[in-house]
Structures are given as structure tokens and as C-alpha cells.
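I opened my notebook to go through this model from the whole chain down to single side chains. Here is what I looked up, in the order I looked.

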Amino acid sequence: RFLLHGHRGLSKDLTYMQVMMQRVAMTQKQQRDSHDMVVHSSTCNEGKTTDGIQNGGDRLVQEMREVILQEMMKRHEELVLVEADNIQDHQTSEQQPPNATKV
């Protein structure tokens, strides 16, 4: 979710809303075993809200792309690490000799 301040606003104006949305997202994730939800408060238009909707929209789209790409890369790295751990666990279990039975 992306939060965007209004005319002459600042991202910090939305801090309370961002914190509350993140808390709700964490609660829902725990209760429903759902996906992570990223709540991002846009900063690209701070101090630049008087140069037109088109310019502000272009900056916002660029920031959204960057945030989405960063999140995708972060999740990809996490998946690669989990997969590497799974492969290592599998290889370790194959290398261990079976338990000897006592006579």
C-alpha cells in the first residue's frame, strides 16, 4: 500500500496511519497466514507539490517502481536463502549413515 500526502504535505503527516496499517497487516498475517503487506509513505513529492499533477504523478510512479523492485529483490534473496538451507539439510541427511540397531 502506498500512502501519499496532499498539497504542501509531508510523509510524516501520515506516520500514524502508516503505523496502524502495518499493525493491522501483521495481525492479519499471523491470523490468516497471509502474505506480507508493505506500507510505504511516499516522499518523492515533498516540497514539490506546486509543479503540477503530471510531474507529481511521474515522480510517484518512479518511487513506486523503486519500492516494488526493492521488495521483490528482498523477497527473492529470502527465498534463495531458504532454498539453500533446504538443499543443505537434504544433503546432510543423505550423508548420515542409518542408525545401527543394537543386538
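This is a predicted model: local features need pLDDT of at least 70, side-chain atom pairs count only at pLDDT 80 or more; totals for chains, interfaces and linings use all residues.

**Entry 1: ground rules.** Residues are numbered from 1 along each chain as its sequence is written, and side-chain values use heavy atoms, leaving out hydrogens and water.

**Entry 2: the whole chain.** I started with the elements, taken as DSSP runs numbered from the N terminus: helices are H or I with at least four residues, strands are E with at least two. The protein chain has two helices and two strands, and from the N terminus on they run β-α-β-α. Of its 103 residues, 18% are buried.

Next I looked up contacts, meaning heavy atoms within 4.5 Å. Among those between residues at least 6 apart in sequence, 54% join residues at least 24 apart. For areas I used the Shrake-Rupley method with a 1.4 Å probe; for residues, only the protein chains shown count as cover. The protein chain exposes about 8,700 Å², and carbon and sulfur atoms supply 55% of that.

**Entry 3: salt bridges.** How many salt bridges does the structure hold? I counted a side-chain nitrogen of Lys or Arg within 4 Å of a carboxyl oxygen of Asp or Glu, and the structure holds three.

One of them pairs Asp-51 with Arg-59, with the closest N and O atoms 2.9 Å apart. Asp-51 is partly exposed, at a relative accessible area of 34%.

Then I turned to Glu-71. Its side chain meets that of Lys-74 in a salt bridge at 3.7 Å, N to O. Both residues lie in helix α2, three residues apart, about one turn of the helix. Lys-74 counts as partly exposed because its relative accessible area is 42%.

Glu-71 also forms a salt bridge with Arg-75, at 3.9 Å from N to O. Arg-75 and Glu-71 are four residues apart in helix α2, so about one helical turn separates them. Arg-75 is partly exposed, with a relative accessible area of 31%.

**Entry 4: a nonpolar patch.** My patch rule takes residues with over 30% relative accessible area and no salt bridge, joining like charges within 9 Å and nonpolar side chains (Val, Leu, Ile, Met, Phe, Trp, Tyr) within 5 Å. Phe-2, Ile-68 and Met-72 form such a nonpolar patch on the surface, with about 270 Å² of accessible area together. Met-72 sits in helix α2, residues 53–95. Is Met-72 buried or exposed? At 52% relative accessibility, Met-72 counts as exposed.

**Entry 5: two loops.** Which residue has a positive phi although it is not a glycine? I found Arg-8, with a phi of about 60°. Arg-8 is in the loop between β1 (2–3) and α1 (15–32), and is exposed because its relative accessibility is 66%.

Lys-48 is in the loop between β2 (40–41) and α2. Lys-48 is partly exposed, at 41% relative accessibility. I also checked Lys-48 against His-7: the two are 41 residues apart along the chain, and their C-alpha atoms are separated by 8.9 Å.

How values were computed
Buried means under 20% relative accessible area, exposed over 50%, partly exposed in between (1.4 Å probe, protein chains only).
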